Amino acid sequence: MGEVVIRQARSGDGRGIADLHLDTASSLHVLDPNRFKLPESNGMPEWIDADLATVGTDWNCFLAVEDGRIEVEAKLHPPFESARFQTIAELGDIRGEVNSLGVLSNHRRRGIGKALMEAAEEWLRGRGASVVILDTFLRSPESVPFYESIGYERVSVIFERRL
């Protein structure tokens with residue numbers, strides 16, 4: 001493994017992130033082709049670059065740069081104004097969310113995902129987040145064991161019914 005550098009994503013990284021998203025989509029599509037599709041690639045790098053131009057105080061995107069782009073997105077959620085009326089205690093706190101963690105298929109199981117999650121958690125902690133939430137595809141043979149191995153626990157279940 002070459003040296004991996006973790007840094008904040010910036011405009012111009014769209015091509016590498018698009019390649020990652022397409023790689024991830026391909027893996028998910030194989031797991032469940034009725035749920036996951038292969039997204040359109042034409043224009044995706046430009047769309048991602050435009051999104052990266054909005055990185056700021058409430059969301060961030062980190063890359064692990066080696067010979068490929070590997071990334072994680074982290075977002076902050078402020079306390080609910082209605083927290084005093086809510087049942088879930090953490091809704092009164094600043095919460096962090098990991099929206100997307102992707103590691104290219106040929107770069108997995110080398111500690112890159114863990115390093116990216118640590119960078120995201122540090123960024124969220126530094127902005128006052130008291131908890132990090134995320135979701136992943138339950139039938140993923142890689143992501144569920146990965147998150148559990150780095151200390152995340154299953155705390156809820158999302159149900160769905162196709163209509």
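The structure is a predicted model; local features need pLDDT of at least 70, side-chain atom pairs count only at pLDDT 80 or more, and totals for chains, interfaces and linings use all residues. Residues are numbered from 1 along each chain as its sequence is written, and side-chain values use heavy atoms, with hydrogens and water left out.

## Overall fold

The protein chain has four helices and five strands. Helices (H or I, at least four residues) and strands (E, at least two) are DSSP runs, numbered from the N terminus. Along the sequence the pattern reads β-α-α-β-β-β-α-β-α. The radius of gyration is 17 Å, close to the 15 Å that the globule rule gives for 163 residues, so the chain is as compact as a globular protein of that length. That radius is taken over C-alpha atoms, and the globule rule is 2.2 Å times the number of residues to the power 0.38. The C-alpha trace spans about 45 × 40 × 30 Å along its principal axes.

Of the 163 residues, 35% count as buried. Buried means under 20% relative accessible area, exposed over 50%, and partly exposed in between (1.4 Å probe, protein chains only). Contact means heavy atoms within 4.5 Å. Among contacts with a separation of 6 or more, 68% come from residues 24 or more positions apart.

## Helices α1 and α2

Helix α1 covers residues 14–31 and helix α2 covers residues 44–52. Their axes come within 8 Å and cross at roughly 115°. Axes are lines fitted to C-alpha atoms, for helices over the stretch in contact; angles run from 0 to 180 degrees between N-to-C directions. The crossing of α1 and α2 is right-handed. A crossing is right-handed if the near helix is turned clockwise from the far one by less than a right angle, and left-handed if anticlockwise.

On the α1 side, the contact is made by Gly 14, Arg 15, Ile 17, Ala 18, His 21 and Leu 22. On the α2 side, Met 44, Pro 45, Ile 48, Asp 49 and Leu 52 take part. By class, this contact has seven nonpolar, two polar and two charged residues. Ala, Val, Leu, Ile, Met, Phe, Trp, Tyr, Cys and Pro count as nonpolar; Asp, Glu, Lys and Arg count as charged; the others, Gly among them, count as polar.

Buried residues of α1 are Gly 14, Gly 16, Ile 17, Ala 18, Leu 20 and Ala 25. At 1.5 Å a residue, the 18 residues of α1 should span 26 Å, and the end C-alpha atoms are 26 Å apart, which agrees. The expected span is 1.5 Å times one less than the number of residues.

Leu 22 lies in α1. Apart from residues up to four places away in sequence, Leu 22 touches Pro 39, Ser 41 and Met 44.

Helix α3 covers residues 112–126. Its 15 residues should span 21 Å, and its end C-alpha atoms are 21 Å apart, in agreement. The buried residues of α3 are Ile 112, Gly 113, Leu 116, Met 117, Ala 119, Ala 120, Glu 121, Trp 123 and Leu 124. Just after α3, Gly 128 takes a positive phi of about 95°. Arg 110 sits in the loop between β4 (95–102) and α3.

Ser 143 is in helix α4 (residues 143–149). Leaving out residues up to four places away in sequence, Ser 143 touches Thr 136 and Phe 137.

Asn 60 is found in strand β2 (residues 59–65). Beyond neighbours within four places in sequence, Asn 60 is in contact with Gln 8, Val 55, Val 72, Glu 73, Ala 74 and Trp 123. Asn 60 and Ala 9 are 51 residues apart in sequence and 7.8 Å apart in space, C-alpha to C-alpha.

Gln 8 is in strand β1 (residues 5–8). Not counting residues up to four places away in sequence, Gln 8 touches Asp 13, Val 55, Asn 60, Cys 61 and Phe 62. The C-alpha atoms of Gln 8 and Glu 73, 65 residues apart along the chain, are separated by 9.8 Å.

## Accessibility of selected residues

| Residue | Relative accessible area | Class |
|---|---|---|
| Asn 60 | 2% | buried |
| Ser 143 | 16% | buried |
| Leu 22 | 23% | partly exposed |
| Arg 110 | 29% | partly exposed |
| Gln 8 | 41% | partly exposed |
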